[in-house]
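This report describes selected local features of one protein model. Please examine the sequence and the structure below before reading on.

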Amino acid sequence: MSSVWPFEAVLFDMDGTLVDTEPVWRVAEAELMHGFGAEWTAEDQDLAMGGSATRVTTYMADKVAASGGQRPDPEILVDMFDRVMLRMFAESPPELKPGTPELLVQVASSGLPTALVSSSPRRLMTAILGGIGDDWFDVTVAAEDVDHHKPDPLPYLRAAELLGVDPARCVVIEDSRPGVESAAAAGAFVIAVQELTVIAPGPRSVVVDSLIGVDLARIASWYRGPS
């Protein structure tokens, strides 16, 4: 444990937490579904938020079938979806969300171990890191690195294992219900950024509207260690 901070590491979600990619996901999902003659609603977007590519494309395939179309192979949809996202990232690279640059700089200078934990495929993670910098994190965990995805705890357990820290003494910063559930199930303390969806606080979590003004001192004041 750090002699300065009461937690051992800080783990970040990517989409919607560090970078404002959720609108890009929404446009890409709607574009892909339109190609199959199906509509993509705000309710669909809410259900898909924070999910792995496999879970989201399986949902898409079922929706196409329910709309009267021929059900596409979800694995083919994953590849199609990735291509749409990579094209959109190339046209308009994602930027760090307000408050995140300052927090990343402080965490990096603190010496605390860091991880980026995402349900996105690694090629999308690589594209985003190419825009925001790939030296903020000691380890990264992408969709291909685990057999089970958020809300399963495995992604955060894997990140803690790679860092050599106790998952119960990690702080996780998330923005979706599946991500919060994943981190909580791993035993971590969670900071939930509530922006596009309603997230209820838990025994070892706090809910904030944004990361503006959130620094290590504030996180330490919120932090509750494992019982």
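Where is the place of P151?

## A cis peptide bond

P151 lies in the loop between strand 3 (139-141) and helix 7 (154-163). Helices (H or I, at least four residues) and strands (E, at least two) are DSSP runs, numbered from the N terminus. K150 and P151 are joined by a cis peptide bond, with omega about 15°. Most peptide bonds are trans.

## Basis of the model

The model is predicted: local features need pLDDT of at least 70, side-chain atom pairs count only at pLDDT 80 or more, and totals for chains, interfaces and linings use all residues. Residues are numbered from 1 along each chain as its sequence is written, and side-chain values use heavy atoms, with hydrogens and water left out.

Strands pair if DSSP finds at least two bridges between them. Strand 1 runs parallel to strand 4 (residues 170-174), and four bridges join them; here F12 stands opposite I173. Strand 1 also pairs in the parallel sense with strand 2 (residues 114-117), over three bridges, and V10 stands opposite T114.

## Helices 3 and 4

Helix 3 (residues 53-66) packs against helix 4 (residues 74-91) at an angle of about 115°, with the axes 8 Å apart. Axes are lines fitted to C-alpha atoms, for helices over the stretch in contact, and angles run from 0 to 180 degrees between N-to-C directions. Helix 3 and helix 4 are therefore roughly perpendicular to each other (65 to 115 degrees).

Notes. Angles under 35 degrees count as roughly parallel, over 145 as roughly antiparallel, 65 to 115 as roughly perpendicular and the rest as oblique.
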